[in-house]
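Subject: A structure for you to look at

Hello,

Here is the structure I promised to pass on. Please open it first, and then read my notes below.

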Amino acid sequence: MRLLVLGGSWFLGRAIVDAALAGGHEVTTFRRGLTGDDAPGVEVVRGDRTDVDDLARLAAGGPWDVVVDTSGYVPREVGAVARALSPVVGRYVFVSSVSAYVGWPVEPLTETSELLDCPADAAGDYGHDGDPGPSVYGFTKVGCERAVTDAFGADRVTILRPGVILGPREYVGRLPWWLNRVARGGRVLAPGSPDRPIQPVDVRDVAEFALAAPTGVFNVTAPGTETFGDFLAACVSVACAGEPHWVPDEFLVAQGLRQWTEIPLWRTYAGAWAVDSSRARAAGLRTRPLIETVRDTWAWMGTKRAVEHERAGQLGIDPEKEAAVLDAWQAGS
C-alpha cells in the first residue's frame, strides 16, 4: 500500500507511520517540520495544510492508496485538504473523536448516537464549550467529518471516533501523570471505585486499526473489561511504589475536585466509559491489556524523550491538596 500520513511525528500519527513501515508499506508524511521528528524510512513532504500552493505540490506527488489524517481540527481547512487530494487518493481515513456525539460523556454511545451539528465549512471556533459537554473540539470534529465525506463520498471514507488514547509518546500526559504520581510513592488518591470499568485504548492498537479498517464509521475504544483498579495496579507494579487509597465519587465531588483534569481519567458520568466499539471489533480492532500499555509507556518515559506539551501542564492535583483530601476522608470514614 502507498500511504500518505498528514502529520506523522507525534503520538498517533507516529504510531501509524511506525505500523505502516513495519507492515512493508510505502509511507509519505506531509508536515511543517516545526515540532517532533521525521520517522526514518519515510518520504517527507514539507508544507502547511492551510497553504493552497503546498497542497497542490503535495497532490502532484500522488497517487496514494490511502491518506490518514490525525491532525484535522478546522472543518474548512480539512475540506480544502480533502478536495486537493480526492483526485489522487483512493480512501480518506479521518480520526475524529467520541466528543463528536451530543451525549458524550453523559450517555452510553454507539455509532448511531446523535452527533453535534457543525457545517463542513466552519472555522475552528465553531460551537461552544459546556460542562460536562459539549465542546468546540467536538463540534469541529463533526464539521471535519462532513468536509471529508463531501469531498470523497461516503464509500471512500473511514471515520474513526476514539475515546481516550494512551501509550508511548502521549503528549496529553494522562498516563505519564499517573505513573509519575505513583512513582513518587506514599498515599495515592484513587478516585471512585476500583471496580469502575474503563476503556482507554492503546495508541498502537488505534494505529493498526486505522491501517486495516474498511470504509464506514467506527468507535475505537477498549472493551471495558478492565477497571480503574486494574489501571492503578498496573501503575504500581511498574513504578514499584505508591499505595492507592480509594475515595468515593460523592466525597470528591463535594470537595470540588475537577474531573478529568485535576484527577486525570476520573469522570463520574455514565457515558464516560460506555462507548460501544463492537462494530470496530467485528472489523478487526484488537486491543491489548492495560498492563502492556502502562509498562511500555513507563519504559518510554525512561528514555527521557517525553513530549512537552501545554496540555500536560493542566493535569494533576496539588500534592498538599491531595493529602488534605485524603486526611479529610480518612478522618470521617
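Arg295 and Asp296 join their side chains in a salt bridge, at 3.4 Å from N to O; the term stands for a side-chain nitrogen of Lys or Arg within 4 Å of a carboxyl oxygen of Asp or Glu. Arg295 is partly exposed at 43% relative accessibility, and Asp296 is partly exposed at 21% (buried is under 20% relative accessible area, exposed over 50%, partly exposed in between, with a 1.4 Å probe and protein chains only). Both belong to a network of salt bridges that also links Asp202, Arg204, Asp205 and Arg288.

A word on the source: this is a predicted model, in which local features need pLDDT of at least 70 and side-chain atom pairs count only at pLDDT 80 or more, while totals for chains, interfaces and linings use all residues. Residues are numbered from 1 along each chain as its sequence is written, and side-chain values use heavy atoms, without hydrogens and water.

The whole structure holds 22 salt bridges. One of them pairs Arg2 with Glu43 at 4.0 Å, N to O. Arg2 sits in strand S1 and Glu43 in strand S3, so this pair ties together parts 41 residues apart in sequence. (Helices, H or I with at least four residues, and strands, E with at least two, are DSSP runs numbered from the N terminus.) Another salt bridge joins Arg146 and Asp117, with the closest N and O atoms 2.7 Å apart.

Now to the sheet. Seven strands make an open sheet with parallel pairing, in the order S3-S2-S1-S4-S5-S6-S11; two strands pair if DSSP finds at least two bridges between them. Strands S3 (43-46) and S11 (216-220) are at the edges with a single partner strand each, so one side of each has no neighbour in the sheet. S5 (residues 89-95) and S6 (residues 157-162) pair over four bridges.

Which helices pack at an angle of about 80°? They are H5 (residues 174-184) and H10 (residues 290-301), with axes 10 Å apart (axes are lines fitted to C-alpha atoms, for helices over the stretch in contact, and angles run from 0 to 180 degrees between N-to-C directions). That makes H5 roughly perpendicular to H10, the label for 65 to 115 degrees. Their contact (heavy atoms within 4.5 Å) includes Leu175 and Leu179 of H5 and Trp298 and Met301 of H10.

Best wishes

Methods. Parallel < 35°, antiparallel > 145°, perpendicular 65-115°, else oblique.
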